[in-house]
Amino acid sequence: MPVKNRFADMHAEITAWRRDIHQHPEILYETHRTSALVAEKLRAFGCDEVVTRIGRTGVVGVIRGRSDTQNRVIGLRADMDALPMAEDTGLPHASQNEGAMHACGHDGHTAMLLGAAKYLAETRNFDGAAVVIFQPAEEGGNGAEAMCKDGLMDRFGIDEVYAIHNSPGLDIGKFALRSGPILASVDEFIIRLQGRGGHAAKPQETADTTVMMCQLITALQTIVSRNVDPVMQGVLSITSAETSSKAYNVIPDRAEVKGTIRTHSPQVRAQIPERLRAVTAGIAQSFGGSAEVEFVNGVPVTINDAAATDYAHEAAVAVAGDCEEVALAMGGEDFSFMLEERPGAMIRVGNGSSAGLHHPAYDFNDDAIPAGCSWFVTLIEQRLPMP
């Protein structure tokens, strides 16, 4: 069961959808045009149910198979939002919205799932229901969480959920996958240091937040190297450090440090903040200052269910002949929220030798469309076989 011939016939049509979405990128939950386009097409395809405004601007389509003997429902997810950055591709279908760009391929993900939805609505060669999920705000807005909080899984009776992401550097039409953790949790922190400012000529009269901050940045690096089990993955990165003064002759009374924490272990994710608070408090106190620590919880670890990974692998092999094992990565994905509610898996599809994700020269490779569409459809037909 290789790439389905129907998608060769539909390739130009799906490519046109993808490029139209690429030309009109929308950020976070502001996917109003994209969501309307998706809903319009799902209705035109003849989906049995099309529901909008799930997770603010999310869209869900229900496609029922020819039979339903086991009452099984499989969810397929694509993300719709773009990134707040300028495009530098020079392509005819380049972004027309200043400061917004589809630099992660969500336009391709959406187009592929639309193509699969059209095919499934035409053929209905499965036993049960396929639920196609189009979510906003993957890039930093936790749109998957918002859809889940709106009752996505229970409302549509979803038993398993799957997603696809393009992968620059992986050959076109190839797939890559792994069981267990595949992407990291992503959390952020802000540390606000309070000292006692003064004249740079009289440091003895101050509690110097600049020195405090420098000592803290160094000390925080010991959390992963000396507190986290060496066989576990963890990254703590300081990404911003500044004081309240820009003058040459002032010792500032305040400083602020920002950073990110990433790990593939839910246990390590819980451990690092505790140690960060303790180290920060100790450093600040030792310099005669105080500290306030704020955590902004992002996405959980993306963990592919073992059985669901096998199903995703089987569909990939059916389409492409094989499926590679993808390496662990420290990037994050809010599909993890859906995987916390239901078993499922995320798979990678090759984007060829394109620019990297989140790069201003990146463009989704339309040659990947037939493989991605075929994987979605094959997964449904294999998981929901006709009796």
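Colleague: Where does Arg77 sit?
Modeller: Arg77 is in strand S3, residues 73–79. Keep in mind that this is a predicted model.
Colleague: Is Arg77 buried or exposed?
Modeller: Buried. Its relative accessible area is 0%.
Colleague: And which side chain does Arg77 have a polar contact with?
Modeller: Asp334. The contact between the two side chains is 3.0 Å.
Colleague: Let's zoom out. How many helices and strands are there in the protein?
Modeller: Ten helices and 16 strands. The C-alpha trace spans about 80 × 45 × 35 Å along its principal axes.
Colleague: What share of the residues is buried?
Modeller: 55% of the 387 residues.
Colleague: How do the residues of the lining divide into nonpolar, polar and charged?
Modeller: Nine are nonpolar, ten polar and seven charged.
Colleague: Switching to salt bridges. How many does the structure hold?
Modeller: 27. Let me take a few of them.
Colleague: Start with Glu292. Which side chain does it meet in a salt bridge?
Modeller: Arg192, at 3.0 Å from N to O. Glu292 lies in strand S13 and Arg192 in strand S8, so the bridge ties together parts that are 100 residues apart in sequence.
Colleague: What about Arg383? Which residue does it form a salt bridge with?
Modeller: Glu160. The closest N and O atoms are 2.5 Å apart. This pair links distant parts of the chain, with Arg383 in helix H10 (residues 369–383) and Glu160 in strand S5, 223 residues apart.
Colleague: Buried or exposed, those two?
Modeller: Arg383 is buried, and Glu160 is buried as well.
Colleague: And Arg64, what is its partner in a salt bridge?
Modeller: Glu49, with the closest N and O atoms 4.0 Å apart. Arg64 is in strand S2 (residues 58–64) and Glu49 in strand S1 (residues 49–54), so the bridge ties together parts 15 residues apart in sequence.
Colleague: How accessible is each end?
Modeller: Arg64 has 42% relative accessibility, so it counts as partly exposed. Glu49 is partly exposed at 30%.
Colleague: Which residues are linked in a network of salt bridges?
Modeller: Arg18, Arg19, Asp107, Asp363 and Asp366.
Colleague: Backbone now. What is phi of Arg124?
Modeller: Near 50°, a positive value in a residue other than glycine. Arg124 is in the loop between helix H3 (106–123) and strand S4 (129–135).
Colleague: Why does Arg124 count as buried?
Modeller: Because its relative accessible area is 18%, and the cut-off for buried is under 20%.
Colleague: And His358, what's its phi?
Modeller: Near 70°, again a positive value in a residue other than glycine. His358 lies in the loop between S16 and H10. Its relative accessible area is 40%, so His358 is partly exposed.
Colleague: One on annotation. Where does UniProt place the "Peptidase M20 dimerisation" domain?
Modeller: At residues 189–279, according to an unreviewed UniProt entry. In the model, that span is 35% helix and 33% strand. Its end C-alpha atoms lie 14 Å apart.
Colleague: Last one. Where is Ala307?
Modeller: In helix H8, residues 306–320. Ala307 is partly exposed, with a relative accessible area of 36%.
Colleague: What separates its C-alpha atom from that of Ala345?
Modeller: 9.0 Å. Along the chain, Ala307 and Ala345 are 38 residues apart.
Colleague: Great, thanks.

Methods: Residues numbered from 1 in each chain as written. Heavy atoms only, no water. Nonpolar A, V, L, I, M, F, W, Y, C, P; charged D, E, K, R; others polar. UniProt positions renumbered as here; feature names shortened; annotations may be inferred. Helix = DSSP H or I, 4+ residues; strand = E, 2+ residues; numbered from the N terminus. Buried < 20%, exposed > 50% of the residue type's maximum accessible area, 1.4 Å probe, protein only. Polar contact = N/O pair within 3.5 Å; in protein donor to acceptor, adjacent residues only side chain to side chain.
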